[in-house]
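Q: I want to learn how to read the nonpolar cores of a model. Where should I start?

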Amino acid sequence: MARSKELVPGIGRLSRSQVYSRRGLYKGHKKFEKPAAQEPAPYVEKTVGGAKNGEKRLVPTAKAPRYYPAEDVRQPKKSRKSPKSAVLRSSITPGTVLILLAGRFRGKRVVFLKQLDSGLLLVTGPYKVNGVPLRRVNQAYVIATSTKLDISTVKVDEKINDAYFVKASTKAAASAEEEFFEEGKPKAKEAFPESKSADQKAVDKAVIEAVKKSENLAKYLKASWGLSKGQFPHQLVF
């Protein structure tokens with residue numbers, strides 16, 4: 001007979017804690033430790049009759065199988081396919097102003113610089129104009145506008161690649177005691193590397209010069225983008 005009768009299907013008369021108390025699960029169960037079984041010796045010494053047999057011989061306790069499988073280990077299927085970076089959309093060219101649709105800076109307008117080996121897009125705000133630093137974005141989450149900048153004078157250093165954006169692993173607390181006392185405290189912020197700050201300024205300097213050539217372009221980049229009621233992105237012209 002069930003300890004908790006159902007009042008209606010799915011709802012019992014007793015709560016979960018009441019059922020737990022009645023079942024007595026808090027008492028725990030008795031544990032019986034079985035004695036560890038002794039492993040048999042791989043070889044057994046046996047006496048062998050005959051003057052020329054050496055009198056004693058080591059005989060394996062477990063006989064080897066008579067038949068062996070044709071293939072001992074299943075080999076994984078070799079694939080000749082190699083990962084390739086995504087093909088860049090025709091509407092995205094160096095200098096194109098993009099609208100970010102996801103992430104921390106969604107709704108911001110950025111300038112496209114180049115495509116990285118992973119297929120991600122390298123963009124910048126510039127940081128001094130709208131606060132968007134050098135970062136990687138997926139082209140699936142951007143809208144390409146018809147506004148383009150002449151960034152032929154902008155030279156992006158070769159070191160700014162996918163490995164450039166990988167975060168360094170931080171070591172955890174040395175002991176459980178330190179971790180317990182650090183739980184309530186906010187984590188200390190790491191200082192932004194001076195080398196990356198210098199790279200940001202070097203890239204933005206040339207981009208800002210290109211922005212100044214067009215009137216009101218700085219205000220256009222600074223303004224955030226969004227949809228109003230009744231607006232649909234597929235009906236808009238960017």
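A: Start with the term. A nonpolar core is a set of buried Ala, Val, Leu, Ile, Met, Phe, Trp, Tyr and Cys residues joined through side-chain atoms within 4.5 Å. Keep in mind that this is a predicted model.

Q: Which residues have the most contacts inside the largest nonpolar core?

A: In soluble globular proteins, nonpolar side chains tend to be buried together. Here the largest such core has 21 residues. Leu113, Leu122, Leu149, Ile160, Val203 and Val207 have the most contacts inside it.

Q: Which elements give two or more residues to this core?

A: They are β6 (109-115), α4 (194-212) and α5 (217-222). The largest share, six residues, comes from α4.

Q: What is Val203 in contact with, leaving aside its neighbours within four places in sequence?

A: Val203 touches Leu113, Leu134, Val154 and Ile160. A second, separate core has 12 residues, including Ile92, Phe105, Leu121 and Ala144.

Q: Why is β6 largely enclosed by the rest of the structure?

A: Buried means under 20% relative accessible area. Five of the seven residues of β6 are buried, so the strand is largely enclosed.

Q: Which strands are joined to β6 by bridges?

A: Strand β5 (residues 96-100) is joined to β6 by three bridges, and the two run antiparallel. Val97 stands opposite Val111 of β6. Strand β7 (residues 121-124) is joined to β6 by four bridges, again antiparallel. There, Phe112 stands opposite Val123 of β7.

Q: Which residue takes a positive phi in the hairpin of β6 and β7?

A: Gly119 does, with phi near 100 degrees. This hairpin has five residues between the strands.

Terms used: Residues numbered from 1 in each chain as written. Predicted model: local features only at pLDDT ≥ 70, side-chain atom pairs only at ≥ 80, totals over all residues. Heavy atoms only, no water. Buried < 20%, exposed > 50% of the residue type's maximum accessible area, 1.4 Å probe, protein only. Contact = heavy atoms within 4.5 Å. Pairing = 2+ DSSP bridges.
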